[in-house]
Amino acid sequence: MTYSKDFLVKVYKDLVELRLFEEKLVEIYAQGKVPGHIHSGVGEEAVYAGTLATKKDGDYYKITHRPVGAAVTIGVPLNTVFSEILGKKDGNSGGRGGVNHVAQLSKGMLGFSGSLGCDMAVGNGAGLKIKKDGTDNITYVYYGDGTSNRGPVHEAMNLAAVWKLPVLFICQNNQFGISTNVKQGSSVENPGADRAAGYGMPSKLVDGTDALAIYDAAKELVDYIRQGNGPAILEAKEYRWRGHFEGDQTPYRDASITEEWKKKDCVAKMENYLIENKVLNEAEIKLIRDEINEELNKAVEFAEKSPA
């Protein structure tokens with residue numbers, strides 16, 4: 001596929017903002033500033049950067065606990081997100097929800113349950129509203145390989161298919177549901193794509209470390225859904241770099257496999273593409289990173305000054 005320079009720069013900015021957001025989250029958690037646990041999404045940013053490059057005004061989103069920086073990609077202000085994460089009044093729910101409950105309906109953010117998958121059909125509700133309104137909007141519903149095995153996920157997918165709702169189900173297959181490897185927890189190799197046929201849905205299986213490949217696959221499915229054809233499933237194969245939560249020492253997995261996956265870093269992969277194709281040079285990439293880091297630091301400072 002041919003991409004414009006503006007498009008490539010936008011996807012890259014979204015991707016690197018997600019990475020730097022997640023790194024900042026790990027940093028402030030280590031400093032004791034974040035109440036409760038965090039679930040780092042470092043290494044898994046391409047799925048959101050790629051799929052959300054297809055979004056439009058009026059769409060709805062159900063993200064997950066990893067990476068929560070996707071809320072910013074969707075349009076929730078950095079100050080709002082970090083204030084919620086730090087338990088402050090300027091957060092989206094006045095600091096009462098915390099890191100796992102960033103939502104803002106004005107931006108189409110539907111929120112999510114701490115018990116993953118049990119509220120999957122809320123995405124269907126938004127899809128039903130879209131269908132009744134007669135627009136070509138869609139709902140993006142993100143879930144993991146572990147979540148894919150829960151009963152409410154089946155119910156939501158079945159209902160979406162029966163009612164031909166405009167929902168794109170996006171399976172972030174990072175290979176672990178807490179400490180259970182996907183091979184031990186799923187009866188099929190691809191718990192998203194392989195199950196689509198059972199609901200009569202089309203599906204795509206894609207490399208979760210390649211933001212542009214994800215975009216290409218997502219665009220094909222999004223265009224299909226926007227035309228009124230009903231739901232679809234996109235599965236992205238990626239890897240959870242860090243533990244289930246910060247502090248998880250991951251004794252249940254082989255560290256050498258983790259290191260091999262880190263060599264497939266989605267951010268480095270896109271930076272190499274941009275440099276090789278003369279879209280950006282190293283100095284321009286550094287400038288983008290510096291500007292985003294400055295914005296993140298200002299947002300954290302704002303959140304720290306917000307009332308508890």
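Colleague: How much space lies in the second largest cavity?

Modeller: This is a predicted model, and in it the second largest cavity holds about 30 Å³ of space. The structure has two cavities of 30 Å³ or more.

Colleague: Which residues line the second largest cavity?

Modeller: The lining consists of Gly-43, Thr-209, Glu-238, Tyr-239, Trp-241, Trp-261, Lys-264, Asp-265 and Cys-266. By class, four of these are nonpolar, two polar and three charged.

Colleague: What is the volume of the largest cavity, and which residues lie nearest its centre?

Modeller: The volume of the largest cavity is about 100 Å³. Its lining has 13 residues, and Ile-63, Thr-64, Gly-117, Asp-119 and Tyr-142 are the ones nearest the centre. Sorted by class, the lining of the largest cavity comprises seven nonpolar, four polar and two charged residues.

Colleague: Which strand gives the most to that lining?

Modeller: Strand β2, residues 139–144, gives the most, with three residues.

Colleague: How should I read the sheet, and in what order do the strands stand?

Modeller: The general idea is that strands of a sheet pair through backbone hydrogen bonds, either parallel or antiparallel. Here five strands form an open sheet in the order β1-β2-β3-β7-β6, with parallel pairing. At the edges are β1 (60–62) and β6 (203–207), each of which pairs on one side only. On average, neighbouring strands of this sheet are turned by 15° against each other, direction ignored.

Colleague: How many bridges join β1 to β2?

Modeller: Three bridges join these two parallel strands. In this part of the sheet, Tyr-60 stands opposite Thr-139 in β2.

Colleague: What describes a pair of aromatic rings?

Modeller: In general, the distance of the centres and the angle of the planes describe such a pair. The count in this structure is nine aromatic pairs. For Tyr-3 and Tyr-215, the ring centres are 6.3 Å apart and the planes stand at 65°; an angle over 60 degrees counts as edge-to-face, so this pair is edge-to-face.

Colleague: Why does the pair of Tyr-3 and Tyr-215 tie together parts that are apart in sequence?

Modeller: Tyr-3 belongs to the segment before α1 (5–30), while Tyr-215 sits in helix α8 (residues 211–229), so the pair links parts that are 212 residues apart in sequence.

Colleague: Are the two residues buried or exposed?

Modeller: Buried means under 20% relative accessible area. Tyr-3 is at 17% and therefore buried, and Tyr-215, at 9%, also counts as buried.

Colleague: Which residues do ring pairs link into a cluster?

Modeller: The cluster is made of Phe-176, Tyr-239, Tyr-252 and Trp-261.

Colleague: Turning to the backbone, which residues does a cis peptide bond join?

Modeller: Arg-66 and Pro-67 are joined by a cis peptide bond, with omega about -10°. Pro-67 is in the loop between β1 and α3 (70–74).

Colleague: Where does Lys-164 lie, and what is its phi?

Modeller: Lys-164 lies in the loop between α6 (151–162) and β3 (167–173). Its phi is near 50°, a positive value in a residue other than glycine. The relative accessibility of Lys-164 is 43%, so Lys-164 counts as partly exposed.

Colleague: What is phi of Gln-175, and is the residue buried or exposed?

Modeller: Gln-175 has phi near 80°, again positive in a residue other than glycine. Gln-175 is placed in the loop between β3 and β4 (176–177). At 16% relative accessibility, Gln-175 counts as buried.

How values were computed
Residues are numbered from 1 along each chain as its sequence is written. This is a predicted model: local features need pLDDT of at least 70, side-chain atom pairs count only at pLDDT 80 or more; totals for chains, interfaces and linings use all residues. Side-chain values use heavy atoms; hydrogens and water are left out. On a 1 Å grid over the protein atoms alone, a cavity is a set of points where a 1.4 Å probe fits but cannot get out, and a pocket is an open set with protein on both sides within 12 Å along at least five of seven lines; lining residues have an atom within 4 Å of a point. Grid points are joined across faces, edges and corners, and a volume is the space filled by probe spheres set on the points. Helices (H or I, at least four residues) and strands (E, at least two) are DSSP runs, numbered from the N terminus. Ala, Val, Leu, Ile, Met, Phe, Trp, Tyr, Cys and Pro count as nonpolar, Asp, Glu, Lys and Arg as charged, and the others, Gly among them, as polar. Two strands pair if DSSP finds at least two bridges between them. Axes are lines fitted to C-alpha atoms, for helices over the stretch in contact, and angles run from 0 to 180 degrees between N-to-C directions. Rings of Phe, Tyr and Trp (its six-membered ring) pair if their centres lie within 6.5 Å; planes under 30 degrees apart count as stacked, over 60 as edge-to-face and the rest as tilted. Buried means under 20% relative accessible area, exposed over 50%, partly exposed in between (1.4 Å probe, protein chains only).
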